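Please look over the sequence and structure below. The briefing that follows is arranged by topic.

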There are 6 protein chains.
Amino acid sequence: MKKLFCERPSLAKERNSIAEFRQYRERMNRKILNSGNLQIQRFFNLDSHAYRQGSLSGKVKELLGLVASLVLRCDDCITYHIVRCVDEGVTDTEFFEAFNIGLVVGGSITIPHLRRAVDRLEECRRLDRHCKRRPQSSAD
Amino acid sequence: MKKLFCERPSLAKERNSIAEFRQYRERMNRKILNSGNLQIQRFFNLDSHAYRQGSLSGKVKELLGLVASLVLRCDDCITYHIVRCVDEGVTDTEFFEAFNIGLVVGGSITIPHLRRAVDRLEECRRLDRHCKRRPQSSAD
Amino acid sequence: MKKLFCERPSLAKERNSIAEFRQYRERMNRKILNSGNLQIQRFFNLDSHAYRQGSLSGKVKELLGLVASLVLRCDDCITYHIVRCVDEGVTDTEFFEAFNIGLVVGGSITIPHLRRAVDRLEECRRLDRHCKRRPQSSAD
Amino acid sequence: MKKLFCERPSLAKERNSIAEFRQYRERMNRKILNSGNLQIQRFFNLDSHAYRQGSLSGKVKELLGLVASLVLRCDDCITYHIVRCVDEGVTDTEFFEAFNIGLVVGGSITIPHLRRAVDRLEECRRLDRHCKRRPQSSAD
Amino acid sequence: MKKLFCERPSLAKERNSIAEFRQYRERMNRKILNSGNLQIQRFFNLDSHAYRQGSLSGKVKELLGLVASLVLRCDDCITYHIVRCVDEGVTDTEFFEAFNIGLVVGGSITIPHLRRAVDRLEECRRLDRHCKRRPQSSAD
Amino acid sequence: MKKLFCERPSLAKERNSIAEFRQYRERMNRKILNSGNLQIQRFFNLDSHAYRQGSLSGKVKELLGLVASLVLRCDDCITYHIVRCVDEGVTDTEFFEAFNIGLVVGGSITIPHLRRAVDRLEECRRLDRHCKRRPQSSAD
């Protein structure tokens, strides 16, 4: 990728933020759950239960969801599980060990998703620092 | 996904509209068909023939295309078949029964695509109501 | 594939019959449902409900399951839905129109599965003719 | 799947045992590593390192490999990681919680693989009981 | 995979030979082409034309088919393109360079298919040596 | 897709340019390589080595990477290999022969990616003409 570029690169367009992702996700989930299809409601229910603490901890289950999402190459699912893993206290070293397993199992075709995953992880860490500096008035 | 967010979410960036999708699709299809590769022309021909009424109706065939696109997780293909299913008179209840089959077969990894599919379906219904209020001068 | 073969080909090893497939499927399903994991039980329940008659007929839903299984390239799922489609009265012409959609959407990588699908379909038709000649004493 | 079967089902053909799987795996791995392609040797090296204890335990890493293999639907990879998880002391309850995540993420298309996974797990437990009754003369 | 095995491994069951694969493939292709579905006939036609010499040589095209089949993890397609690549004079070193690209792009999930690919390649080389020692009476 | 549209289509939103793609790719790759995970560094190393000239030429290897990326449907990987293929002197006719193999193997589900691939190819050709008119002061 060397010879082709002579012009000045402009700034890359910004992706949606995690907040925008969450907003869209919640708005559309509400519409899906209000569609009247009872089966789909039950599926969504199973989906959210799957990651609850059982014999395996919530942290391990979120890591399982993250690596599954990485090898299946779904950016939105990766974003969701990164946010949840951060909630569960996964460290950066642990994240990269999990990313490495996804990369080895799924191959270089996962690399564009890995790039966006690392971007999301940084966004989460930034939000976290920001929130700690400005204490919230109400529990969320 | 609870603890992380303290800031106000801004509005999500708009996706391309169906009209923009169609425009891009037609412009690039023309280029592909004009590339001089006869085999690719024939493939495109087979593709458009596959959904024509035969022993199975056009409606059933478009539903088959829709569910195949959902489990293979291709947003553009989903958009295309939703528009075509709307043309064929598929009702919302029928759409959600088809979505449910795609969801059960393909798993939660299809959910982000399902969200965008429901968004597209709403866009189609809005366009439809809009067109009915303002009768077109010419059949398209 | 012309130059390589000089020896006489021997007869190909037989695949498991549909009856053997069904036997293994039922035995393992029982073990999974008896594992004590309530979530998995509920998933299996959702799976079997997804194909029940609703606004879309059982026949259309089985065809949706068949084409989804073909593009995702799962032989066991294809076998299951072929048997169910035969139960629902799908004709050979309808089968091949559905196969064609799966082939066009999923590409030549589906062809080995298509070969085995056609093999299974023939096995179903043979069983059907055989059963009609020898009326069963008890409903199954 | 009710109406079609009138004949007596015969016994299903046996799959290869874990021992046979392991034998074939090791024989072919040797050939691949002796092919003289240094890059492939390095990939195999990375693959075996990915599951070694780090910040995440070996047990968690094997579970990550197992769920990744389940959603990508590779029977041999599932077999390999089940054997490794058994070595790491994963309990049946933990296995089924991990299976449930794979099932929800990957959908019903993973069920045939889940059936074979549960079969393999039982085979491992049988071998384990058998080995405990007959103590080995040498460490393996 | 160390602790589990105390019993003597038995010999692995033989896979179908290339000759058996070819026989089944040709028999089922005939049935598919005789089904009366004109679209599927045309698809099969496009499939066989895609690998004919054009601006890219037949050899390069078969290698493209081989790597595509490896990353999509279809054993039958891999077998077919290995046989064709051998016909086109691909050397072992070239095969392993192509395998390496498939392995890096597609990840460790392709390794079981790589093992069977190397097995098939050896079978082709054996058949080739065998045929050279016993000249054929008729061109095939 | 005929009946639905009565309003004037607006202009489609622009995608990121190749320069923007490259910029983001390099920035995130740096972060990944600086994460301290040695295994991931080694994987990236294997990835870049896989396409170097060996028994197969760099051009053939880039074509293998391109078709693998097309059938696995990864836009960023397709963009990367198109740029590299242009560097290696692949002609438009050769590109479309490779695209055709990807299309036949991977099916119509690859068509949206093919459209974006052709768009990227045109962008490369435009950049190339532009650079030739304005000679660069330094070799890159």
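Helix α3 (residues 58–71) of chain B has 14 residues, which at 1.5 Å a residue should span 20 Å, and its end C-alpha atoms agree, being 20 Å apart. The expected span is 1.5 Å times one less than the number of residues in the helix. This is a predicted model, in which local features need pLDDT of at least 70 and side-chain atom pairs count only at pLDDT 80 or more, while totals for chains, interfaces and linings use all residues. Residues are numbered from 1 along each chain as its sequence is written, chains are lettered from A and ligands numbered from 1 in the order in which they are written, and side-chain values use heavy atoms, with hydrogens and water left out.

- Helices (H or I, at least four residues) are DSSP runs numbered from the N terminus, as are strands (E, at least two).
- Because 13 of its 14 residues are buried, α3(B) is largely enclosed by the rest of the structure. Buried means under 20% relative accessible area, exposed over 50%, and partly exposed in between (1.4 Å probe, protein chains only).
- Helix α5 (residues 92–106) of chain B has 15 residues and reaches 20 Å from its first C-alpha to its last, close to the expected 21 Å.
- Of the 15 residues of α5(B), 13 are buried, leaving the helix mostly covered.

**The interface of chains E and A**

- Chain E and chain A each bring 6 residues to the contact, where contact means heavy atoms within 4.5 Å.
- About 400 Å² is buried between the two chains, with 50% of it from carbon and sulfur atoms; buried area is the accessible area (1.4 Å probe) that two parts lose on being put together, summed over both.
- Val104(E), Val105(E) and Ser108(E) supply 70% of the area that chain E buries against chain A, more than any other three residues.

**Individual residues**

- Ser108(C) is found in the loop between α5 (92–106) and α6 (111–133) of chain C, and is buried, with a relative accessible area of 9%.
- Leaving aside neighbours within four places in sequence, Ser108(C) is in contact with Phe43(E), Asp47(E), Val104(F) and Val105(F).
- Val86(A) lies in helix α4 (residues 75–87) of chain A and is buried, with a relative accessible area of 9%.
- The C-alpha atoms of Val86(A) and Lys59(A) are separated by 9.2 Å, although these residues are 27 residues apart along the chain.
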